[in-house]
Amino acid sequence: MAGFTETALQKKLEDLNESQQSIQTLSLWLIHHRKHFQLIVKTWFREMSKGNELQKLTLMYLANDVIQNSKKKGPEYTKEFAPALKKAFRLLGNMKCSEKTVSKLERILQIWEERNVYDKKLVEEYKKIYHKKENDIVEETAPPAKKVKVQPKSPKPERKISEVEIDGKKEVHVRLSPVLQAGDPPEPEELIRALMDLENSASVDVAVREKISKLPPDVSEVKLLSKLEDKEAALKLAERVNSAVELLTDYNNRLAHEMEERRRVMQMLRDYTVLQKQLLQQAETRLEEYKDKLIKVEQVRHEVLSHLSNLPDLRKLPDVTSGRLAPLPSAGDLFNVIS
């Protein structure tokens, strides 16, 4: 994919800092180039092995952001990071981390468990690896060791939306870091795909509905059983009934699945609408700001033109002998005068 090289990746990871903007910008770039996910995760862990405590924590936040934001586009990063995170937590477990760092790492693990980013068993494994040398954890300020406490679940904050540039193109990024509330807006491609899938749902399957409508009455009318004359007729009816049951069971399951999908798409549309309203409000605010700037620039332009009309034309000098305006002398004329 254009814009991606191993050298560029290495440089971006080295330049990464703990600011939200830096993490989000690189996260989007990595998701944008997710076809290189194997090389990216490998290089990420190499940097993880070299970094100090703050750099390791920053790289963990980067991994968290990439994993959560890329889930809608594909499972590549979620799967590829899983074994790398085991080694990363082993590195962190062998360090003397401050209480502040411990608390933040615990929060990341808590988020993964709450949101099913990774299954509970794997998260527990990460915790065991990380706390393997629990006695090495020290406080940031006071010498007496305190028992590390997991921070209580914080209130859900407002959605954070930022605009960053990826390979010359501006993209809107909705933060899915450890403090983001649920109900993240879908990507446009995901929403379009979900809506298109509904066009092939069970309720619009004309062929199956026609089959069901043409089922013979004897498969659904108990009173017709009295008309059975022999065992052979009963067996044939049983075969038709089983076939009808199979058809209806399958169709009912599809309808139930369709209902769930429609609820999901409805929620996606709500979340997407909320995001678009926020972006619209931002665009309107920006438009008003630039309208004000345009008015100010027009005022300056008007003033400049007004002053220009009152200034003398320096290309001409007055000819006092004739009373007429004479053109400015050329360089040659000036030399002749001097000589």
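Select residues 273-300 to begin, the span that UniProt lists, in an unreviewed entry, as "coiled-coil region"; UniProt positions follow the numbering used here, feature names are shortened, and annotations may be inferred rather than shown by experiment. In this predicted model, the span is 100% helix and 0% strand, and its end C-alpha atoms lie 40 Å apart. Residues are numbered from 1 along each chain as its sequence is written, and side-chain values use heavy atoms, with hydrogens and water left out. Local features need pLDDT of at least 70 and side-chain atom pairs count only at pLDDT 80 or more, while totals for chains, interfaces and linings use all residues.

Next, colour the protein chain by secondary structure, which comes to eleven helices and four strands, each a DSSP run numbered from the N terminus (helices H or I, at least four residues; strands E, at least two).

Now select α6, residues 99-114, a helix of 16 residues that reaches 22 Å from its first C-alpha to its last, close to the 22 Å expected at 1.5 Å a residue, where the expected span is 1.5 Å times one less than the number of residues. Among the α6 residues that are buried are L105, I108, L109, I111 and W112 (buried means under 20% relative accessible area, with a 1.4 Å probe and protein chains only). After α6 comes N116, whose phi is positive, near 55 degrees.

Finally, return to the whole protein chain, where buried residues make up 30% of the 339 residues.

Note on methods. Buried means under 20% relative accessible area, exposed over 50%, partly exposed in between (1.4 Å probe, protein chains only).
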